[in-house]
Amino acid sequence: MYQPGEMIFYSGEGVCRVEAVGPVDVSADKQKLYYTLQPLYRQGKIFIPVDSPVFSRPVITRQQAEDLLRRIPSIQAEIYENRNLRMLNEHYQALMQTRDCEDMLQLIRSVYIKQQELKAQGKKPGLVDERYMKRAEDLLYGELAVALNIPKESVLDHITSVIEAGE
């Protein structure tokens, strides 16, 4: 069970702070325990039952984040080409569903390389590619910001500096 003050990664929302654990006024069952979550990067509150099957996990540690960043050059980009938008959506959705930082990083890296290749051919990047890349960046950078205790806006510069230092 998560404790108030703890930072967690909650499903598709991203990083949230556990504000409280206990019954909530909006529930008919006053004995049922809920987490009250405050998303870090948007307004509002989320109420989820403690026993909810919706995915959640603790935010990665600083050490895990630093290890991940050092591994970036060795993470293989797997460029997925498919004109069928449903298949392309399913491919990216499968990567996002793991909620694994390395999978999100692989998605970002793959789409970035795909976009560079398209630009070199004078073509525009696909909207599906851009949408999933943006979503993966949003979730990953939010978690890395918390783990590394830096502003979310500084994450990309931090990643760049770690990669350059390792070369």
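How many bridges join β3 to strand β4? In this predicted model, local features need pLDDT of at least 70 and side-chain atom pairs count only at pLDDT 80 or more, while totals for chains, interfaces and linings use all residues. Residues are numbered from 1 along each chain as its sequence is written, and side-chain values use heavy atoms, with hydrogens and water left out.

**View 1. Strand β3 and its pairing with β4.** The two strands run antiparallel and are joined by 4 bridges, β4 covering residues 46–49; strands are DSSP runs of E with at least two residues, helices are runs of H or I with at least four, and both are numbered from the N terminus. Pairing requires that DSSP finds at least two bridges between two strands. Y35 has I48 in β4 as its bridge partner, and in the hairpin, where 6 residues lie between the strands, G44 takes a positive phi near 110°.

View 2. Because 6 of the 6 residues of β3 (residues 34–39) are buried, the strand is largely enclosed by the rest of the structure; buried means under 20% relative accessible area, exposed over 50% and partly exposed in between, with a 1.4 Å probe and protein chains only. Y34, T36 and Q38 point one way, whereas Y35, L37 and P39 point the other way. Strand β2 (residues 14–22) pairs with β3 in the antiparallel sense over 6 bridges, and R17 has Q38 as its bridge partner.

**View 3. H158 in helix α5.** H158 lies in the helix formed by residues 155–166 and counts as partly exposed at 28% relative accessibility. Leaving aside neighbours within four places in sequence, H158 is in contact (heavy atoms within 4.5 Å) with L69, L148 and I150.
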